[in-house]
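Let's take a walk through this one together, going from a strand pairing out to a core, a loop and an interface. Have the viewer open as you read.

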Amino acid sequence: MKQLITAIAIAYSCFSYSQDCTYTFLGELSDFHDGTPIVSATIHITEHDRYIVSDFNGKFKIENLCSGTITLKISHVGCETKVVSYEIDGDTHKSIQIEHHIEELDEISITGESSKKETKTAQETVLKANTLKKYSALNLGEALKEVSGVSSINTGNSIVKPIINGMHSSRLLILNNNVRLQDQEWGIEHAPNIDINSAAQISVIKGSGALAYGGDAIGGVIVVNPNRVIKKDTLYGRTIIGGQSNGRGYNISSTLNKSYSSGWFANIQGSIKQNGDFKAPDYNLTNTGLKSHAFTVNAGKKRFESGFEVFYSYLDNEIGILGASHIGSTFDLGRAINLEQPSLINDFSYDINAPKQEVTHHLAKASYYKRFKNFGKINLQYDYQNNQRFEFDVRIGDRRNIPAVDLKLQTHTFLADINLDANLNRKINFGIMGRFQDNFANPDTGVRRLIPDYEKYDFGAYTTAEWQISDDLIFDAGLRYDFNRIDAKKFYLKSRWEERGYDVDFLNIIIEEFPTQFLTNPVFNFHNISASTGLKYNINDSNQIIFNYSLASRPPNVSELFSDGLHHSAARFELGNLRFDKEIANRLSASYAYNSSKFNLLTEVFYSRINNFIYLRPFDFILTNRGPFPLWQYQQTNAQLFGIDITATYNITDALQWQNKTAFIKGYDLETDLPLIDIPSFNTTNQVTYNNEAWYNFSTSLKSEWVFKQNEFPDFNFEIEDQLTGEMTLIDISTPPPAYHLLHLYSEATFSFTEKSNLKVALGINNLLNTSYRNNLNRLRYFADDLGRNITLQLELNY
Amino acid sequence: MNTNKLNIKTMKINYLNITKTTKLFVGALFCLSLITSCSSDDDNPPPVNPEEIITNVTLTFTNNADATDIVTLASVAPDGQDGTSTETITGNFTAGATYDLSLAITNASETPADDVLNDDIIPEADEHFFSYAVNNINLTMTRDADDIDGPNGSKLGVNTTWVAGAASTGNVQITLTHEPTATDDTGGFGTPTGGSEDLNITFNNVDIQ
């Protein structure tokens, strides 16, 4: 019986063999992006449960195949596992491409924490999610101060604009998920419209080295990126709830991410925050409340060979501006500067009254990419932004609820770029950009338009290249051309038109005449060239140096061209100039990094020379029915800036770490030899951190922040005559406030519930000693002290 | 060699895909720009004539005993706070005489002129305060019993009586303060604290003869 079964079995198998199980499959594995053979890949033949390995030429052979389907699962270190199926009905030869350089091609997505630099030779610092989460209740401007050499220019405590190496506003580019923010960034009291909670990683690039994003980044580029997509079947989320004693504020932020191994993904994130009046150590800062709502959704499919994404973000901020800062005349300003306390102090309230801002920003984008064998990657992107800004001033009568500023800025951008990375040692990118922008200044405000109606057209083309010369040496270079055309419809008071001398130079742009005003149609075209080149050299494992040179061109912004009117909160007239040419900056930088297990040091130095540098300075007075006002006009000069930024960490023991961040910068007007205005003073922070992983990942740190007095400032103080008595009064707007030193305490611990869920509890005390101080770069420093002690508690639930 | 050919072929196919997608994108872009260009027609924007500006401030002092004895202090600023203001003085005070002051505050850039005093300031008297000041001229003033109630129990300062003392020449100032935090009208002329100045006009070389 046994023999019989064996015999049948043999007969059967012979029979089936005799069918046609004699075919051979010859496979050849090569790298998708550069065609090199893939050696020692493991090939699993699913039907036969057999393993074979590719040879030195990437080839493999499977013999004695029957006709039918075979499924091969190909895996290799550093590659995505690929599954392919073939119909066999004869000897077969197939070339199979898998990708071996996912990491080098910036496609890696192992964790959301992976940091990826945007540039090779620029001075770039990356802030990761763990750092950013500490600022959940605050804003982008505060978070960026984690980078040495980055400070902020503030209007109160909720309107915070980043300064990189002394430059801000139009001289910085901010990118949100690869979309350049277009949110009236020319204004000092216009904070960037980004919810810090939507960012998983922020790169701060000093200088204009990141040419793909624009050629006018004289100060730098800030690249904000959301969570990177993880290509596996997973669902995770995070909720942050926080409370702050100062301002009795709260914040809630939640995010949920879903992704599939097929590459499909969807994320949703939302946040709400609110605070009432903040408090300085000695008094309430009346009308400094804030209400903020934001959400972001995105979805798409991400695979190695192609992918797409749709993204939408919404942000709505209502921000109260210190009540005491509303002034009507220069005398009011003079009195405010001389007063110890703000003139208006009320009990705590969540109410937000005029003066206040209400800004909503919508951003929608769609992008698509595709990779080609032996070639590279093509990216296409379209985005639309809608920025609506209302500014409510203190007004009388039924105009009380009508904003004094009502601007709607809409921007459409189309981007296309190609990354040639078939040769990983010589990567080349090129791209083009087209943009259309429309600004509408609503006349229903009943206030003459601060910024005119305009249409703007931009076109840009760039190329960047990167050579890996040896294992230790990288060289990069880039070139960019931009064309900007601005077509405005601007009203001028006839008196101003003549005062500016435009009646001589711009006679032919008047298109309509009214009793007291001219309507004009200024059209300007600018051609801008920008460039960047640099090299990075690893001297050895612990020493690295980077050099970079960059050339940037920035056309004047709408405020510098068209301003003409009273700036209430500054009690001055600000006058633009239609004759301005573009700013051109040359910047040289060098960095030295030392890394060892105990000590890390990063030293960054730069020198920047800016021709046609545009800035505001006083030049005359005007006597109005509110008394005399100073006239400030935008001027062009040549300027130079130089500075050094240092970041150092030293591990005293495994558990104890010391960190120092120091920034020193100087800026001068080369024509008048005066220091530039609004340059950050010398500042240094020292922080001691104690960690104990065994004790719920506990860490606590004490930070000392020392901001020195700015001793070099342009003296724009002026005297006004009291018309009644003939006495002269000095209005001291220039003398910076004294140096200050603050201590901040921060502790956190993480409690795990399951493998995937944990709760992080963070307790912080800012301005521990409740020190009274004023910051030179806070525009409301004339009126009130900065924030007093603030105790913050934040719960972060990860699941 | 063979593989090369194959690659080129696949690339072509991929290129077809890409052009399709590009077309879609360009199409979408075109549509969207069309929408915006349609909504923002090429008509010229209308001018804004600020409604709340004050162009003309006139102080008319009339002698109680002689209606023909009038002193007028006038300030004209055609562009409101956006431009220069010009002050003119008509007539002289008579030493020893008592005058009633009549105020007029208007926006003459509108037709007809907007009466800012009666339409905006007086209805919101609780957050406005007129104060006056003199220098080197012997003028004193009192707020009338029928003056309108202003903020914090003070009189607003629109109905006032002025007494000219001995012959002298000097300056007269009028200030309108919006939302003062405190006011004191005990001295007649009045002292506000805080708030912001909507008007601050000085008339130089006013005479008492």
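Predicted model: local features only at pLDDT ≥ 70, side-chain atom pairs only at ≥ 80, totals over all residues.

Strand β11 of chain A covers residues 172-176, and two bridges join it to β12(A), with the two running antiparallel. In general, strands of a sheet pair through backbone hydrogen bonds, and they can do so parallel or antiparallel. Now zoom out to the sheet: five strands of chain A line up in the order β8-β13-β14-β11-β12, making an open sheet with mixed pairing. Its edges are β8 (123-128) and β12 (179-180) of chain A, each of which pairs on one side only.

Next, the greasy part. The largest nonpolar core has 52 residues, and the members that touch the most others are I174(A), L175(A), I202(A), V204(A), V221(A), I222(A) and V224(A). Where does this core lie relative to domain 2 and domain 3 of chain A? It lies between them, because domain 2 (123-221) and domain 3 (222-339 + 386-798) both give residues to it. Take V224(A) as an example: beyond its neighbours within four places in sequence, V224(A) is in contact with I174(A), L175(A), N176(A), I194(A), A199(A) and I202(A). There's also a second, separate core of 31 residues, including L139(B), V158(B), W162(B) and L199(B).

Back on chain A, have a look at T286(A), in the loop between β19 (284-285) and β20 (290-302). Is T286(A) buried or exposed? T286(A) counts as buried, because 22 C-beta neighbours sit inside 10 Å and the cut-off for that label is 20 or more. Setting aside neighbours within four places in sequence, the contacts of T286(A) are D277(A), G323(A), L344(A), I345(A) and N346(A). G323(A) is 37 residues away along the chain, yet its C-alpha atom is separated from that of T286(A) by 5.9 Å.

Finally, the interface. Here 54 residues of chain B are in contact with 57 residues of chain A. On the chain B side, the elements giving two or more residues are α1 (2-39), β6 (128-135), β9 (168-178) and β12 (196-208). The largest share of that side, 15 residues, comes from α1(B). Sorted by class, the side of chain B that touches chain A has 19 nonpolar, 26 polar and nine charged residues.

Definitions and conventions: Residues numbered from 1 in each chain as written. Chains lettered and ligands numbered in written order. Helix = DSSP H or I, 4+ residues; strand = E, 2+ residues; numbered from the N terminus. Buried ≥ 20, exposed ≤ 12 C-beta atoms within 10 Å, placed from the backbone. Contact = placed C-beta atoms within 7 Å. Nonpolar A, V, L, I, M, F, W, Y, C, P; charged D, E, K, R; others polar. Core = buried A, V, L, I, M, F, W, Y, C linked by C-beta atoms within 7 Å. Domains from an automatic or database assignment. Pairing = 2+ DSSP bridges.
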